[in-house]
Amino acid sequence: EVAGLILEEAIVEGAWAPQDAEAFVGRTFHIEGYDLEFDMEMADCVNDYVAHVESFWSPGDVLIVEQAVPLEHITGEAGATGTSDCIILKPDTREIVVIDLKGGQGEVVDAEENLQGLMYAAGAVEQHDMFYGPFERVTVVIIQPRVHHVSEWSIDWDDFTLWVGKLKVAAKAVEELQTRVLDKDKDFAPDRKTCRWCKAKAECPALKGEVSSGLARSAPAHADDFPDLSLPKQASKALGGVPDAEVAALAEAYRAVPLIEQWLEAVKSRVYSLLLEGSTVPGFELYEGRRGARRWGEPDAVEKELKAAKVPVADVYEKKLASPTSLEAALKDRPKLWARVAGYIVQGDAKPQVGEAGDTKKTPYVR
């Protein structure tokens with residue numbers, strides 16, 4: 001919401017002059033039924049996002065923010081639309097740039113072959129080709145500030161046309177599925193990526209069956225049957241290490257963990273929603289949880305009181321140095337200065353994390 005408000009007024013007399021998101025800190029926004037307070041961490045994310053958007057914009061470009069683009073020509077659904085966070089039309093270079101802000105940090109999202117971005121781009125082309133086309137290049141950009149990730153994917157017009165054709169074929173296949181009774185064994189293929197954003201996970205018989213069969217196939221019958229991997233390395237080696245069969249069973253079980261976790265989270269969320277709306281869930285009820293962080297209900301009144309009491313300014317206000325990402329964008333025209341201050345950047349060591357073998361997008365951990 002704040003990123004949209006700032007971008008809508010970012011261009012002043014043909015120059016890039018966005019408002020600092022810090023000005024919104026402390027304000028409460030009503031979003032999808034929730035009252036959410038905008039804090040400093042959110043402001044840093046928005047400032048990073050806006051700075052990166054600027055890197056794709058040039059004077060003379062057309063900046064379009066939070067616009068609904070038509071998707072009916074792809075999905076076949078009457079009046080279907082999708083709202084794109086940011087679209088930049090570049091008449092001089094015949095390029096259209098579609099930018100998506102991702103606030104999550106659970107999984108890094110790449111722009112390459114990103115179907116959501118492609119659909120927004122197709123909608124934007126449909127909407128603006130008459131006045132700003134014909135376009136020759138399409139660029140999809142994903143900006144994910146909380147994991148310091150920016151991904152960009154550009155394709156020429158011929159490749160873009162091929163991708164749009166694939167999307168139409170996929171949409172047609174979905175439409176045909178809706179005309180008949182679905183078979184949970186033939187029409188559903190539950191896995192982590194397929195099910196991640198599905199709202200029916202908690203009640204889905206196919207997912208429940210997959211989780212049950214996965215547990216039966218890979219998990220020991222009892223907690224005590226798990227191999228003991230808690231021995232120190234030296235002791236484990238002295239005893240001959242862990243048997244290959246046990247390691248293979250662990251690998252099979254670990255492969256099922258992400259999907260099982262998704263299903264469990266969906267069940268927890270569904271129970272919570274039912275209790276919240278007043279329904280009865282046998283054996284469970286809602287209790288009051290931890291209260292939210294303290295904040296000033298009327299910041300202006302507090303400032304007035306403190307100024308009248310002549311409290312030192314240093315005690316009233318807190319200053320914070322801009323993040324390396326924000327400064328890098330702000331100093332892009334002063335590379336020598338950036339090179340000097342960049343020498344002060346420190347970053348913690350990467351912690352090891354488990355992933356599937358052979359993933360070329362990740363850096364192998366060195367012990």
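Reader: Let's start with charge: how far apart are the mean positions of the positive and negative charges of the protein?
Author: They're 4 Å apart, with 41 positive and 63 negative charges in the protein. Lys and Arg count as positive, Asp and Glu as negative, while His and the chain ends aren't counted. Each charge is placed at NZ of Lys, CZ of Arg, CG of Asp or CD of Glu.

Reader: And what sort of model is this?
Author: It's a predicted model, where local features need pLDDT of at least 70 and side-chain atom pairs count only at pLDDT 80 or more, though totals for chains, interfaces and linings use all residues. Residues are numbered from 1 along each chain as its sequence is written, and side-chain values use heavy atoms, with hydrogens and water left out.

Reader: OK, the overview. How many helices and strands?
Author: There are 13 helices and 9 strands. Those are DSSP runs numbered from the N terminus: helices are H or I with at least four residues, strands are E with at least two. The C-alpha trace spans about 70 × 60 × 50 Å along its principal axes.

Reader: What percentage of the residues is buried?
Author: 27% of the 367 residues are buried. Buried means under 20% relative accessible area, exposed means over 50%, and partly exposed is in between, with a 1.4 Å probe and protein chains only. The accessible surface comes to about 26200 Å², and 54% of that belongs to carbon and sulfur atoms. Areas come from the Shrake-Rupley method with a 1.4 Å probe, and for residues only the protein chains shown count as cover.

Reader: Contacts next. What share comes from residues 24 or more positions apart?
Author: 58% of the contacts with a separation of 6 or more. Contact here means heavy atoms within 4.5 Å.

Reader: Now H4. Where is its kink centred?
Author: On Glu 126, with a kink of about 40° in a helix that covers residues 115-132. The bend at a residue is the angle between axes fitted to the seven residues ending there and the seven starting there. Buried residues in H4 include Tyr 120, Val 125 and His 128.

Reader: What does the side-chain oxygen of Asn 114 reach at the start of H4?
Author: The backbone nitrogen of Gln 116, to within 3.3 Å. The Asn 114 side chain also reaches the backbone oxygen of Asp 110 at 3.3 Å. For a polar contact, a pair of N or O atoms has to be within 3.5 Å; within protein, one must be able to donate a hydrogen and the other to accept it, and residues adjacent in sequence count only if both atoms are side-chain atoms.

Reader: Is Asn 114 buried or exposed?
Author: Buried, because its relative accessible area is 11%. Asn 114 sits in the loop between strand S7 (95-101) and H4. Leaving aside neighbours within four places in sequence, Asn 114 is in contact with Val 109, Ile 142 and Trp 153.

Reader: Over to Thr 139. Which side chain does it join in a polar contact?
Author: That of Ser 154, at 2.6 Å. Thr 139 is in strand S8, residues 137-144, and counts as buried because its relative accessibility is 1%. Beyond neighbours within four places in sequence, the contacts of Thr 139 include Val 97, Glu 152 and Trp 153.

Reader: Changing topic: which residue just after H10 takes a positive phi?
Author: Lys 310, at about 60°. Most residues other than glycine have a negative phi. Lys 310 is in the loop between H10 and helix H11 (313-316); it counts as exposed because its relative accessible area is 74%. His 148 has a positive phi too, near 50°, and is in the loop between S8 and strand S9 (149-156). At 62% relative accessibility, His 148 is exposed.

Reader: How many residues of H10 are buried?
Author: The count is 0 among its 10 residues, 299-308, so the helix is hardly covered.

Reader: Last one, H9. Where is Asp 244 found?
Author: In H9, which covers residues 244-276. Asp 244 is exposed at 67% relative accessible area.
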